[in-house]
Amino acid sequence: MARPAATRARARRLFDAVPHPNLFTYNALLSTLAHARLLDSMEALFASMPERDVVSYNALMAGFSGAGEPARAAGAYRALLRGGVRPSRITMSAMVRAASALGDCALGKQFHCQILRLGFGAYAFLGSPLVDMYAKMGLIADAKRVFDELEEGKNVVMYNTMITGLLRCKLVQEAKRLFEAMADRDSITWTTMVTGLTQNGLESEALDVFRRMRVQGIAIDQYTFGSTLTACGALSALEQGKQIHTYAIRTCYDDNVFVGSALVDMYSKCRSIRLAATAFRRMTFRNIISWTAMIVGYGQNGCYEEAIRAFSEMQKDAVDPDDFTLGSVISSCANLASLEKGSQFHCLALVSGLKPYITVSNTLVTLYGKCGNIEDAHRLFDEMPFHDQVSWTALVSGYAQFGKARETIDLFEKMLSKGVKPDGVTFIGVLSACSRAGFIDKGRSYFYSMRKDHGIVPIDDHYTCMIDLWAAENLLEIDPQNPASYVLLCSMHASKGQWNEVAQLRRGMRDRQVKKEPGCSWIKYKNKVHIFSADDQSHPFSKGIYEKLEWLNTKMVEEGYKPDVSSVLHDVADADKVHMLSHHSEKLAIAFGLIFVPQEMPIRIVKNLRVCVDCHNATKFISKITGRDILVRDAVRFHKFSNGTCSCGDFW
C-alpha cells in the first residue's frame, strides 16, 4: 500500500501535468486527498478552487467523516448551504451518518426534515442511515416510522438495519418477526440475528439460528463465528464450541485473529484453559484483543501467575496494553496478593497514561485493599474523578477484609447516599463486617433490605456471613452442591463434639459427590510462587522448613500457646489432632517466609480457604516471638499479625 505522502505526491504530479485543470480534475484530486485522510492538503486545495459543486463538498465531507471528524463534516455542509449549492442524496446520507456519530438528536432531526423538504424521503438509500441513526439514539419509534413509510424499495440493507436497531433496543420479538417475514436474507441478516440474540442473553436461540444458517448453506464469516462462539462460552457449551472450532478449521477461519480470539474466550469460559492456550499459541498473528482474551482467560480460571507471564510476553511482542488488559493483569496480582508485582503495574499505569481509566483505577483499589494497604487503597479511591459500583465495592470489601467494621458500614451508607446501587458482592463485604464485629441487628437489617430494597437474591455467601445455624441449614437448601455449606456445619458440630452429625454430613457429601476444595497456602519469593498443602513434603527446602516449625512450636509453648484442637474436624485422639495442626499449609508457608524473606520485609501469605482458629492463634505467637509482621489473606478477609496481635481483633 502506498504511503500517504507518496499518494499525495503522485496525485499532485498528475494534477500539475494538466495544463488547464477543470472542475472535474480538481474534484478528482480532492477525492484522492480525502480518501488518503490528508486533511490539511485537502482543505488547502478546496480553498484554492476557482469554483465548487456538490461533488466538491461531498469529497470534503467524506474526508472529514473518514478521519473521525463528524463535526467538521457538518461544518462543511453549512458552508455548502451558504454557497448556494443544492445537496444531493450522497450529501444527506453523509450528514445523517455525521449526526449519528455525534449523537446529536436535534441535528439528526434537522437533516431528516431537510431530506423530506428536498424530496428525498422516498429513497431507500437514505432510509437505511436514518433508521440506523434513530436506533442508535434509542429513538426506535422514529426508526420504525421511517422504515414503515418506505412501502416501496425496501432492500435487504434496510431490513438488516431495522433488525439491528430492534435488537439493539432489546425488542427481540419484533426483530424475530421481521426476520421471519423477510423474503430474501443475506449472510449479514443471519449474522445480525446470531449477534443480537447473543447480546440479549438468548444464547440458545442464537445457536439455533446458526444451525439454520448452516443448513441453508449461507456463507459464514468471522463475525458469525465470533458471535456463535461467544454464545457457546456464555452457555459453557464446550462440545458445541468444539464442533464450531472444527468447522472454523475446515473453512480456514481458525487462524483469523477475530475468530482465534473468540476461541480463546470460549474455551476460557468453558473452564478449558489448556484448550484456550492451545488455540492462542496456534494463532500466527495476535493483536491486543487476542492477548487480552488470553490474559483474562487465565485470570477467570485462577491461573494468575500464567496471566502475569502472558502479559510480559505481550510486552515482548511489542503490543501495548489498553485499560482493560492492564486492569485484568492487576486483578490477577490482587488475587495473588502480589503487592510487589502489582506495584510495578501501577507504575506502568502511570507511565502509559492508563491510570485515569476507571477499569485500571478500580483494580488498583482492589489490589491495595487485598494486599492489606487499605490507606493506599483509599487514597487511590479519593484520587478518582468518578466512582462506579465497582469502585465503591472494591473499597467496601477492602475495609471489610481488613476487619474495620465501622469504616465498612460508614462507606456502605455513603455509597447508598450517593445513589450508587450495590450488588451482591458489596453486600458480602458489609454483611461479613457486621458479622465479625458482632453487629447482629445491623447485619440482619442489611440482609433483609438486600432483597426488599435492592432486588438481590441471597446466595450461600450471604447466608454464610450471617453465621448462626439458621443460616447454615439454609445453605444446604439453597445450594446442596456447595462444599462451603457442609464445612460450616461440620465445624459447628465438631466444636460441640457432635461426631455423629459430622459423619452424617460427610456421608451426604459423598452421596452427592460434593468435593471439598483442598486447602493450600502460597508465598511469593523472587518472582516465584511457592505453594504448600498440609503435611507437604514436596518442597526442596522441606527439611529446613520442618526444622523451623519444630523450633517455633517449642518457643510458642514456652510463651503459653496451646493448640486449639476444635479446628480438626476428625474424631481422633488429641495427640493426633495436635500433629495435624502443626503441619497446616499456612504454617509451612510462614516457616518458609521466616527462612528466606529479609527481616525488614513483611511476610505475605495467601490461603485459598479460611484460616482456622488454631493457625490464627499460632500466627499471633509467631509474630511476637520473631518480631516479624505477617500478612495473611484468606478466602474471607485480610489479617495483619504484628507483635502478638491481629488487625481483625479476633473477629474472623
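**The whole chain**

You have a predicted model open. Colour it by secondary structure and you will find 35 helices and six strands. Buried residues make up 49% of the 652 residues. Of the contacts with a separation of 6 or more, 60% are between residues 24 or more positions apart.

**Stop 1: L229**

Now select L229, which sits in helix α14. Its relative accessible area is 0%, so L229 is buried.

**Stop 2: helix α16**

V264 is one of the buried residues of α16, so select that helix next, residues 257–269. The helix has 13 residues, and at 1.5 Å a residue it should span 18 Å; the end C-alpha atoms are 18 Å apart, which agrees.

Colour the buried residues of α16: V259, G260, S261, A262, L263, V264, M266, Y267 and S268.

Then look at both ends. At the start of α16, a side-chain oxygen of N256 reaches to within 2.8 Å of the backbone nitrogen of F258. After the helix comes R271, with a positive phi near 60°.

**Stop 3**

Most residues other than glycine have a negative phi. Keep that in mind for the next two selections.

Step back to C252, in the loop between α15 and α16. Its phi is positive, near 65°. Is C252 buried or exposed? Its relative accessibility is 66%, so C252 counts as exposed.

Now go to R37, in the loop between α2 (23–35) and α3 (39–48). R37 has a positive phi too, near 60°. With a relative accessible area of 40%, R37 is partly exposed.

**Stop 3: α5 against α6**

Select α5 (residues 70–82) together with α6, residues 89–102. The two pack at an angle of about 140°, with their axes 9 Å apart. The pair is therefore oblique, and α5 passes α6 in a left-handed crossing.

Show side chains where they meet. On the α5 side, pick P70, A71, A73, A74, Y77 and L80; on the α6 side, pick T91, M92, M95, A98, A101 and L102.

While you have α6 in view, select S100, which lies in this helix. S100 counts as buried because its relative accessibility is 15%, below the 20% cut-off. Leaving out residues up to four places away in sequence, S100 touches D132, M133, K136 and M137.

**Stop 4: α8 against α9**

For the last stop, select α8 (residues 124–136) and α9 (residues 140–149). How do their axes cross, and within what distance do they come? The axes come within 7 Å and cross at roughly 165°. The two helices are therefore roughly antiparallel, and their crossing is left-handed.

To view the contacts, show G127, L130, V131, Y134 and A135 in α8, which meet I140, D142, A143, V146 and F147 in α9.

Terms used:
Residues are numbered from 1 along each chain as its sequence is written. This is a predicted model: local features need pLDDT of at least 70, side-chain atom pairs count only at pLDDT 80 or more; totals for chains, interfaces and linings use all residues. Side-chain values use heavy atoms; hydrogens and water are left out. Helices (H or I, at least four residues) and strands (E, at least two) are DSSP runs, numbered from the N terminus. The expected span of a helix is 1.5 Å times one less than its number of residues. Buried means under 20% relative accessible area, exposed over 50%, partly exposed in between (1.4 Å probe, protein chains only). A polar contact is a pair of N or O atoms within 3.5 Å; within protein, one must be able to donate a hydrogen and the other to accept it, and residues adjacent in sequence count only if both atoms are side-chain atoms. Axes are lines fitted to C-alpha atoms, for helices over the stretch in contact, and angles run from 0 to 180 degrees between N-to-C directions. Angles under 35 degrees count as roughly parallel, over 145 as roughly antiparallel, 65 to 115 as roughly perpendicular and the rest as oblique. A crossing is left-handed if the near helix is turned anticlockwise from the far one by less than a right angle, and right-handed if clockwise. Contact means heavy atoms within 4.5 Å.
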